Protein chains: 4
Amino acid sequence: MEEKLYIPIILGTAREGRFSELVASFVYQEVSKFDNIETEIIDVRDFRIKATDDTGTLPKAKKWKKIAKRADGFLIVSPEYNHSFPGELKMMLDLAYPEYARKPAAICGVSSGGFGGVRMVEQLRLVFITLKLLPIRATVYFSNVKTLFTKGGKIQDEGYAPQVKAMMSDLIWHANALRAARKNS
Amino acid sequence: MEEKLYIPIILGTAREGRFSELVASFVYQEVSKFDNIETEIIDVRDFRIKATDDTGTLPKAKKWKKIAKRADGFLIVSPEYNHSFPGELKMMLDLAYPEYARKPAAICGVSSGGFGGVRMVEQLRLVFITLKLLPIRATVYFSNVKTLFTKGGKIQDEGYAPQVKAMMSDLIWHANALRAARKNS
Amino acid sequence: MEEKLYIPIILGTAREGRFSELVASFVYQEVSKFDNIETEIIDVRDFRIKATDDTGTLPKAKKWKKIAKRADGFLIVSPEYNHSFPGELKMMLDLAYPEYARKPAAICGVSSGGFGGVRMVEQLRLVFITLKLLPIRATVYFSNVKTLFTKGGKIQDEGYAPQVKAMMSDLIWHANALRAARKNS
Amino acid sequence: MEEKLYIPIILGTAREGRFSELVASFVYQEVSKFDNIETEIIDVRDFRIKATDDTGTLPKAKKWKKIAKRADGFLIVSPEYNHSFPGELKMMLDLAYPEYARKPAAICGVSSGGFGGVRMVEQLRLVFITLKLLPIRATVYFSNVKTLFTKGGKIQDEGYAPQVKAMMSDLIWHANALRAARKNS
């Protein structure tokens, strides 16, 4: 039997009142429907540091490296702040390096505007490449996030679930392809 | 016996007096040293069109689509003009679409300055992702190209050959991983 | 009396059946409402060349340089093709260089999708900076362009006219600021 | 007599052992040679926050907004980490917004590699535009920073001083142009 793929969902903002948390919860539910995936939400709040650092000896760095090493792929849920990513997400990603190599990564963009964080996605993809992560095309753009969910946290647009499903299918395809090749090399 | 990988080298500028042609020739020689690769230089001059078009019925489009469909990976050799790619390269890439999916792509940047076309590389990588090409990190940056070659076309910096070799090793790894998975799906 | 600002509108695609032509016509009408501006549509179709070239001796290059030199600012109307600009637009912009310096530039993005060409805008802005053009924030994103206009070419969304007006106000502010300073230096 | 321009130098990394501090000190000395400029080094270490936040009520946000409001232009000295900017710099820039409008900004890139942080520069420029800052082309790229300075902190490459001078001349030109226009509007 095929070993499950471990694909953590990274919640990329630590901001007070973050709407991306609702998106991450929704995405988590959808990802959990895939039998062959193990997932969990990794909250950037648990990996906040005071300065970019590469010592790798910090407990938080060690913890993130361990998660990243085990991962077969990554799914980032992140808002766009001023057309780029939150600083805290960048600092967290900068904590590891060899752990990312040759694994695929997808993004769910979040925005209170109408473009779903698409500019953040573009900048983050370039950071991925540097980290030897392989950015896939499939992306879900969550727009108008302030009114997207009910007070109970239920998403009000039925179009997103199939989008997440399609993105995951593509991410899984790449995760399997690359895991198989990593095992053989 | 494993089928050879077909990885064409795309020469991305049609400019008169292009130095990138010398780079493409050098890269071609180095790539040819790999036994398991079939390669050739594809010259953007042969794919020049008067306007971006998606009809797909043009003979040039058909020819490029056929090459792209057969390819297991792509290696672009392109100069940087005003911090981005040549327009003719973009027009050529825009001629195909499904033919690119789930294949890796690498870039050799070329510049008369000291930064080897690194900004063109960043912009081109984002176009790759849209085309469902997977941009790999390994890249070779050819700087100061106007004085890099002898009049006879011989490269004068011995550091580039091992860089091309390392890049190709990584491109081959990804090409094999993705070809195997494409065959299984 | 203040001399009028000359701000040409560049139609950035030569593609057959281009919807951006409708956008450019609409934008032209709106820009023409400003008394202190002289404008005209400059069509990239009239500046198509076979290869990127910097000779500057071509009649088309001369013609574009003359327009660019006279301009106090630029307004680009361009579609997004595969998340970047049309190749023919890049080739046209590459025809000039000193003519652009210290002048502001704005963009109207055009897309058949929902994001109004926003990724093209980001890539084009970086090219602007290289050319010493100053990209301003104000931008109008024309989404879903295939259904935006009536068969008679009339825009069906009343929200765009005020957006173009606001963008132009900002472009004019910057054009005046920079023209005054260029005259003094 | 013309009022002096206030152009703070932002040191963009809080990392332990940061080499960018040496660059900032060198740049500060060079900028101080201009009679018509008032400058100081603003250290991102003094503006570290635990999460991106837009409340604007935090003492650190207030302090930065005050500086930003007073500034006639900005000079960022920042390293490139994984081809983008330090997270702490992004978080600091996100603390203000209207204070930046219609002011020019330049960047000194810093890298331990050979490309002087050029990819960080490209990403940061796009953030600038969002903030209504005007990114100018003039940029200084500090490469190989780990060996660029003596133990005493003296720069060992005489080529950088004239580069900083030229960049400042351009930044000053734009700062004066835009300040004059802001006063008139």
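The legends below accompany several close-up views of a predicted model.

Residues are numbered from 1 along each chain as its sequence is written, with chains lettered from A and ligands numbered from 1 in the order in which they are written.

**View 1. Chains B and C about their axis.** The same surface serves both copies, since 100% of the contact residues of chain B recur in chain C (contact means heavy atoms within 4.5 Å).

**View 2. Chains A and D about their axis.** Chain A can be laid on chain D by a turn of 180° and a shift of 0.0 Å along the axis, with an RMSD of 0.0 Å. In chain A, the C-alpha nearest the axis belongs to Gly87(A), 1.8 Å away from it. Here too one finds that 100% of the contact residues of chain A recur in chain D.

**View 3. An aromatic cluster in chain A.** Ring pairs link Phe47(A), Trp64(A), Phe74(A) and Tyr100(A) into a cluster (rings of Phe, Tyr and Trp, the latter by its six-membered ring, pair if their centres lie within 6.5 Å; planes under 30 degrees apart count as stacked, over 60 as edge-to-face and the rest as tilted). Over all chains the structure holds 32 aromatic pairs. Phe74(A) and Tyr100(A) make an edge-to-face pair, 5.6 Å centre to centre with 70° between the planes. Phe74(A) lies in strand E5 (residues 74–79) of chain A and Tyr100(A) in the loop between helix H3 (87–93) and strand E6 (103–110) of chain A, so the pair ties together parts 26 residues apart in sequence (helices, H or I of at least four residues, and strands, E of at least two, are DSSP runs numbered from the N terminus). Phe74(A) is buried at a relative accessible area of 2%, and Tyr100(A) is buried at 0% (buried means under 20% relative accessible area, exposed over 50%, partly exposed in between, with a 1.4 Å probe and protein chains only).

**View 4. Arginines over tyrosine rings.** In chain C, Arg15(C) lies over the face of Tyr81(C), 4.6 Å from the ring centre (a charge sits over a ring if NZ of Lys or CZ of Arg is within 6 Å of the ring centre and within 35 degrees of the ring normal). In chain D, the charged end of Arg70(D) sits over the ring of Tyr6(D), 3.8 Å from its centre.

Technical notes:
This is a predicted model: local features need pLDDT of at least 70, side-chain atom pairs count only at pLDDT 80 or more; totals for chains, interfaces and linings use all residues. Side-chain values use heavy atoms; hydrogens and water are left out. Copies are superposed by least squares on the C-alpha atoms of residues with pLDDT of at least 70 in both.
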